[in-house]
Amino acid sequence: MAPSVVNASDIARVLTEALPYIQKFTGKTIVVKFGGNAMDGEELKEQFARDIVLMKLVGMNPIVVHGGGPQIGELLKKLNIESSFVDGMRVTDSATMDVVEMVLGASVNKEIVSLLNRNGGKAIGLTGKDGQLIRAKKLKATRKTPEMTVPEIIDIGHVGEVESIDAGVIDMLLDSDFIPVIAPIGVDKNGESYNINADLVAGKMAEKLQAEKLMLLTNVSGLMDKEGKVLTGLSTQQVDDLIADGTIYGGMLPKIGCALDAVKAGVVSAHIIDGRVPHAVLLEIFTDRGVGTLITNQE
């Protein structure tokens with residue numbers, strides 16, 4: 001059935017609104033962290049895949065970094081391996097690390113690759129261990145209580161942080177017209193594997209590649225002020241002020257810190273967007289209003 005005149009007008013308006021953004025971002029690298037609520041529900045996953053494939057088809061270079069915390073927790077439970085957490089980080093012994101590699105490097109990674117390929121993309125999956133893409137080092141966690149004179153150092157096992165990224169591996173894939181899909185597992189100089197927070201990997205990847213955008217999908221509408229209104233169009237100084245006055249606190253701090261570090265290191269903009277919104281990625285890139293919080297290094 002042919003679209004009505006009204007529907008056709010809406011379609012034309014959307015396309016013309018998107019055109020300047022397509023022109024502006026052609027050839028640019030955009031790092032997207034995919035995880036959490038955006039990975040629940042088949043329709044949201046299909047919409048995400050179509051968004052990424054469309055970005056590639058109009059000339060952008062999307063790179064997907066994914067998490068998989070709920071899936072890891074589910075398999076650990078089935079295997080009767082108990083999980084414990086320190087400041088939100090999963091304590092990862094050798095048995096848990098085996099499960100992390102199985103879930104992130106195999107099932108979740110390949111599911112996303114399959115999604116992208118099924119929707120017309122040309123995706124390839126890898127972990128940070130492939131080609132030593134992500135060199136990691138052990139993360140030292142500390143805990144301090146009022147009665148302590150010095151912080152206690154806690155061993156949380158195979159949990160790491162990014163030491164370096166080999167951009168050559170990603171450049172090779174982009175030059176061959178692939179969409180890289182990266183599981184956040186790194187390797188140290190001795191060959192030990194480490195589980196790394198996906199937001200941190202996405203941020204460091206964006207920094208290393210001097211990406212145009214870092215997009216972090218989350219399960220909230222964006223960064224909110226004390227009245228619950230979504231804030232956007234923020235400079236790095238404004239974000240620092242919001243942290244200082246307590247507007248940004250708790251669980252949002254690490255995500256905002258990751259975005260802030262990337263922008264301060266040369267990424268043009270970072271976006272905290274609601275992965276529960278259908279086609280959130282396209283709406284944030286191709287529309288005037290967007291659907292989340294934008295942090296930019298441009299005054």
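User: Hi! How many salt bridges does a search of the whole structure find?
Analyst: Hi there! The search finds 12 salt bridges. A salt bridge here is a side-chain nitrogen of Lys or Arg within 4 Å of a carboxyl oxygen of Asp or Glu. Please keep in mind that this is a predicted model, where local features need pLDDT of at least 70 and side-chain atom pairs count only at pLDDT 80 or more, while totals for chains, interfaces and linings use all residues. Residues are numbered from 1 along each chain as its sequence is written, and side-chain values use heavy atoms, with hydrogens and water left out.

User: Okay, which residue forms a salt bridge with Glu46?
Analyst: That is Arg118, and the closest N and O atoms of the two are 2.4 Å apart. Glu46 sits in helix H2 (residues 42-57) and Arg118 in helix H4, so this pair ties together parts that are 72 residues apart in sequence. Helices are DSSP runs of H or I with at least four residues, strands are runs of E with at least two, and both are numbered from the N terminus.

User: Is Glu46 buried or exposed?
Analyst: Glu46 is buried, with a relative accessible area of 17%.

User: What about Arg50, who does its side chain meet?
Analyst: The side chain of Arg50 meets that of Glu43 in a salt bridge of 3.4 Å, N to O. Both residues are partly exposed: Arg50 has a relative accessible area of 34%, and Glu43 has 48%.

User: Which residues are linked in a network of salt bridges?
Analyst: Lys33, Asp199 and Lys255 are linked that way.

User: New topic: helix H4. How far apart are its end C-alpha atoms?
Analyst: They are 35 Å apart. The 25 residues of H4 (residues 94-118) should span 36 Å at 1.5 Å a residue, so the two values agree. The expected span is 1.5 Å times one less than the number of residues in the helix.

User: Where does H4 bend?
Analyst: H4 bends at Asn109, by about 35 degrees. That bend is the angle between axes fitted to the seven residues ending there and the seven starting there.

User: What else can you tell me about Asn109?
Analyst: Its side chain is joined to that of His66 by a polar contact of 3.1 Å. A polar contact is a pair of N or O atoms within 3.5 Å; within protein, one must be able to donate a hydrogen and the other to accept it, and residues adjacent in sequence count only if both atoms are side-chain atoms. Asn109 also counts as buried, at 0% relative accessibility.

User: And which residue caps the N-terminal end of H4?
Analyst: Asp93 does, with a side-chain oxygen 3.3 Å from the backbone nitrogen of Ala95. H4 is followed by Gly120, whose phi is positive, near 95 degrees.

User: Which residue other than glycine has a positive phi near 50 degrees?
Analyst: Gln132 has that value. Gln132 lies in the loop between strand E5 (123-127) and strand E6 (134-138), and it counts as partly exposed at 45% relative accessibility. His279 also has a positive phi, about 55 degrees, although it is not a glycine. You can find His279 in the loop between strand E15 (269-274) and helix H9 (280-286).

User: Last one: which residues make the nonpolar surface patch?
Analyst: Ile243, Tyr249 and Leu253 make that patch of about 280 Å². Leu253 is found in helix H8 (residues 252-264) and is partly exposed, with a relative accessible area of 33%. Patches are made of residues with over 30% relative accessible area and no salt bridge, joining like charges within 9 Å and nonpolar side chains (Val, Leu, Ile, Met, Phe, Trp, Tyr) within 5 Å. Accessible areas come from the Shrake-Rupley method with a 1.4 Å probe, and for residues only the protein chains shown count as cover.

Technical notes:
Buried means under 20% relative accessible area, exposed over 50%, partly exposed in between (1.4 Å probe, protein chains only).
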